[in-house]
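Hi there,

Here is the structure I promised to send over. Have a look at it first, and my notes follow below.

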Amino acid sequence: IEHKVFFGQFCANFPQAKYFYTPGQYSFPLNFADLKFLGLFKAQALNDQAEQIPGIKMKTLGPIKPPGNGGFAETAFFHEKTKT
């Protein structure tokens with residue numbers, strides 16, 4: 001399940017935050033198509049219709065789908081005000 005295993009707990013600790021995930025993710029060793037299993041109840045997929053966040057730029061790499069099972073995509077965010 002990689003680093004996504006901690007995402008549900010992060011969401012629980014910051015309930016007022018907005019959460020986004022990059023579509024095309026695969027979980028190892030089991031592929032959880034329903035992210036609610038990981039505690040991601042209000043996460044929003046980043047896609048062309050995703051909510052635009054003022055002051056945030058984002059760029060997605062992927063999804064990259066190698067032969068066989070799996071695949072991944074990552075999104076980087078840039079906060080313009082703090083330049084982080």
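The accessible surface of the chain comes to about 6400 Å², and carbon and sulfur atoms hold 62% of that; areas are from the Shrake-Rupley method with a 1.4 Å probe, and for residues only the protein chains shown count as cover. Please keep in mind that this is a predicted model, where local features need pLDDT of at least 70, side-chain atom pairs count only at pLDDT 80 or more, and totals for chains, interfaces and linings use all residues. Residues are numbered from 1 along each chain as its sequence is written, and side-chain values use heavy atoms, with hydrogens and water left out.

On the overall layout: the chain has one helix and four strands, in the order α-β-β-β-β along the sequence. Helices (H or I, at least four residues) and strands (E, at least two) are DSSP runs, numbered from the N terminus. Among contacts (heavy atoms within 4.5 Å) with a separation of 6 or more, 52% join residues 24 or more positions apart.

Two local spots may interest you. I64 is in strand β3 (residues 56-64), and counts as partly exposed because its relative accessibility is 34%. K83 sits in the segment after β4 (72-79), and its phi is near 60°, a positive value in a residue other than glycine. With 65% relative accessibility, K83 counts as exposed.

Best wishes

Conventions. Buried < 20%, exposed > 50% of the residue type's maximum accessible area, 1.4 Å probe, protein only.
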